[in-house]
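Good morning, colleagues. Please bring up the sequence and the structure, and I shall take you through a few of its elements in turn.

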Amino acid sequence: MREFTYLRAGSLADLPASATIIAGGTNLLDLMKHEVMAPDALVDITRLDLNRIEPEGDGLRIGALVRNSDLAAHPIIRRDYPVLSRALLAGASGQLRNMATTGGNLMQRTRCPYFYDRRMACNKRDPGAGCAAIGGVTRNHAILGGSDQCIATYPGDMAVALRALDAVVEIDGPAPRRVPLADFHLLPGDTPDVETVLRPGEIITGVTLPAPIGGQHRYRKVRDRASYAFALVSVAAVIGIEDGRISHAALAFGGVAAKPWRDPAVEAALTGREPSDALFAEAAAILLRPAKAWGENQFKIPLLRRSLIATLRDATGMEARP
Ligand SMILES: Cc1cc2nc3c(=O)[nH]c(=O)nc-3n(C[C@H](O)[C@H](O)[C@H](O)COP(=O)(O)OP(=O)(O)OC[C@H]3O[C@@H](n4cnc5c(N)ncnc54)[C@H](O)[C@@H]3O)c2cc1C
């Protein structure tokens, strides 16, 4: 690891525009050890007053420094937004969740092995260098929204649930703003190094959730081992049923794209219809219409199809098939 300076901020006003923020450090320090990120200066924000969970309108505001463990265990989250609690508890390990923060979790970088290995070409790490993943080992890579510059995935779980819940990211900086989570993470296109809309000098101060929408909340994560592992594929679902029909459906998907993936056409196809295997197969076909595999990750296409169908069967009370 290279030398760097370290400063602890006492207030938002103390934040220098150029320094790299450190919160829980669980992702950033790994990246510094691998010299994928080499900041000259770190600003520790853990003393800022950003660790509250409080009502905002009919919804909730979650401070950027709320730890993943505390968020998962919060009684209002467990009661009104259980998909979020479940996603958080499916992420990392207990020790990591005790350190990981809401803002840091949103900003965690991809786990693409070529991004982590400085000997390998990576457009995300070194723009213009090429992409060693394409034509390489692609088991964990994107099947939706990739480009011929980058097929890395966004690895987090929390953000997948937040996407299904229509969360909004609160940003402070020279011009404070609020950005729907849907627009916060970016697809790679020709600039895979630009991963979010956050600009230099800006900081995430919190995330807001709209009023709870009720319904059945599920988070299904398929991974290599149960103890801790990033998602191969995950599904966050909030499904309402009225008079035997699906009254509302919010679905987001992890492990398959550079951002938590959501497709309004899938939700529209389900809404107002009676749950059935035929309907769920139709929804999965819509979801997978734009899917593209890159060799080894071909298995993610049937895996995502089956994961969506199993989640829908579960959330609508139909017995899940083995
Ligand atoms: C072994 C292991 C397994 C894991 N498994 C999972 C998993 O299954 N699912 C999952 O979702 N995650 C998993 N993680 C990732 C973990 O959840 C993240 O490392 C963590 O959430 C990052 O939060 P942090 O506060 O530690 O961020 P840091 O490491 O402090 O920061 C991460 C990035 O965010 C930036 N940042 C931090 N706070 C802010 C802010 N307020 N505003 C703007 N930028 C900010 C930093 O500058 C840095 O670039 C795993 C991590 C490890 C090490």
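Predicted model: local features only at pLDDT ≥ 70, side-chain atom pairs only at ≥ 80, totals over all residues.

Strand β5, which spans residues 59-63, pairs with β8 in the antiparallel sense, and four bridges join them. Strand β6, residues 168-172, likewise pairs with β8 in the antiparallel sense, here over five bridges.

Is β8 largely enclosed or largely open? Strand β8 covers residues 203-209, and seven of its seven residues are buried, so the strand is largely enclosed by the rest of the structure. In general terms, side chains in a regular strand alternate between the two faces of the sheet.

I turn now to a helix. Helix α4 runs over residues 82-89, and because six of its eight residues are buried, the helix is largely enclosed by the rest of the structure. Which residues of α4 are the buried ones? They are P82, V83, L84, S85, A87 and L88.

Finally, the surface. M1, F4 and Y6 form a nonpolar patch there, and together they have about 300 Å² of accessible area. Of these residues, Y6 lies in strand β1, residues 5-8. Y6 has a relative accessibility of 45%, and therefore counts as partly exposed, since exposed would require over 50%.

Methods. Residues numbered from 1 in each chain as written. Heavy atoms only, no water. Buried < 20%, exposed > 50% of the residue type's maximum accessible area, 1.4 Å probe, protein only. Helix = DSSP H or I, 4+ residues; strand = E, 2+ residues; numbered from the N terminus. Patch = residues over 30% accessible without salt bridge, like charges linked within 9 Å, V, L, I, M, F, W, Y side chains within 5 Å. Areas by Shrake-Rupley, 256 points an atom, 1.4 Å probe, with all protein chains shown as cover. Salt bridge = Lys/Arg side-chain N within 4 Å of Asp/Glu carboxyl O. Pairing = 2+ DSSP bridges.
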